[in-house]
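Please look through the sequence and the three-dimensional model shown below before reading on. The report that follows takes up a few residues first and then turns to the whole chain.

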Amino acid sequence: VQLQASGGGLVQAGGSLRLSCAASGRTSSRPGMGWFRQAPGEPRKFVAAINWDGGSTYYADSVKGRFTISRDNGKKTVYLQMNSLKPEDTAVYYCALDRWNELTTGVPVIWGQGTQVTVSS
């Protein structure tokens with residue numbers, strides 16, 4: 001399985017962006033998908049996760065109420081709608097695919113390449 005992320009860019013504080021992550025290849029199970037981010041000089045951190053059928057989502061406290069994760073299994077794509085962006089949201093955003101527990105409490109096995117999000121003040 002390969003993941004291809006897109007949608008990053010430069011936006012002013014208070015603005016919005018939508019990230020996409022398309023999966024290609026075959027998975028042997030029904031995996032969850034998620035987003036992580038890494039700011040300069042900091043470790044990679046969890047942002048949001050969604051289970052296989054979209055019935056369960058989970059967010060980091062720092063983005064709750066501002067970000068929304070969703071998925072379209074027909075397109076094998078997960079999205080991250082980011083609203084009310086803040087300068088502290090600036091980071092490289094990575095999508096990931098794995099079981100729910102690995103996404104939310106562990107380290108996912110499959111990663112996409114990062115996409116840069118920069119929020120100016």
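Is Arg71 buried or exposed? Arg71 is buried, because its relative accessible area is 16%, and buried here means under 20% relative accessible area, whereas exposed means over 50% and partly exposed lies in between, as found with a 1.4 Å probe and protein chains only.

## About the model

This is a predicted model, in which local features need pLDDT of at least 70 and side-chain atom pairs count only at pLDDT 80 or more, while totals for chains, interfaces and linings use all residues. Residues are numbered from 1 along each chain as its sequence is written, and side-chain values use heavy atoms, with hydrogens and water left out.

Arg71 is placed in strand E7, where strands (E, at least two residues) and helices (H or I, at least four residues) are DSSP runs numbered from the N terminus. The side chain of Arg71 has a polar atom 2.9 Å from the backbone oxygen of Asn51, and it also reaches the backbone oxygen of Trp52 at 3.4 Å. Both are polar contacts, a term for a pair of N or O atoms within 3.5 Å; within protein, one atom must be able to donate a hydrogen and the other to accept it, and residues adjacent in sequence count only if both atoms are side-chain atoms. The C-alpha atoms of Arg71 and Ile50 are separated by 7.6 Å, although these residues are 21 residues apart along the chain.

When neighbours within four places in sequence are left aside, the residues in contact with Arg71 (heavy atoms within 4.5 Å) include Pro31, Met33, Ile50 and Thr77. Thr77 itself lies in strand E8 and counts as buried because its relative accessibility is 9%.

## Arg37 and its partners

Arg37 is found in strand E4, and with a relative accessible area of 13% it is buried. Which side chains make polar contacts with the side chain of Arg37? One belongs to Asp89, at 2.9 Å, and another to Tyr93, also with a polar contact of 2.9 Å. Not counting residues up to four places away in sequence, Arg37 touches a number of others, among them Pro43, Val47, Phe67 and Ala91.

## The nonpolar core

In soluble globular proteins, nonpolar side chains tend to be buried together. A nonpolar core is a set of buried Ala, Val, Leu, Ile, Met, Phe, Trp, Tyr and Cys residues joined through side-chain atoms within 4.5 Å, and the largest one here has 33 residues, with Trp35, Val47, Phe67, Ile69, Leu80, Met82 and Tyr93 having the most contacts inside it. Among the elements that give two or more residues to this core are strand E3 (17–24), strand E4 (32–38), strand E8 (77–82) and strand E9 (91–98). Leu80, with neighbours within four places left aside, is in contact with residues that include Leu19, Trp35, Val47, Phe67 and Tyr93.

## The disulfide

A disulfide is a covalent bond between the sulfur atoms of two cysteines. A search of the whole structure finds one disulfide, a pair of cysteine sulfur atoms within 2.5 Å, and it is formed by Cys21 and Cys95, whose sulfur atoms are 2.1 Å apart. The pair links distant parts of the chain, with Cys21 in strand E3 and Cys95 in strand E9, 74 residues apart. Cys21 is buried, with a relative accessible area of 0%, and Cys95 is likewise buried at 0%.

## The whole chain

The secondary structure comes to one helix and eleven strands, and from the N terminus on the elements run β-β-β-β-β-β-β-β-β-α-β-β. The radius of gyration, taken over C-alpha atoms, is 13 Å, close to the 14 Å that the globule rule (2.2 Å times the number of residues to the power 0.38) gives for 121 residues, so the protein is as compact as a globular protein of that length. Buried residues make up 42% of the 121 residues, and among contacts between residues at least 6 apart in sequence, 55% join residues at least 24 apart.
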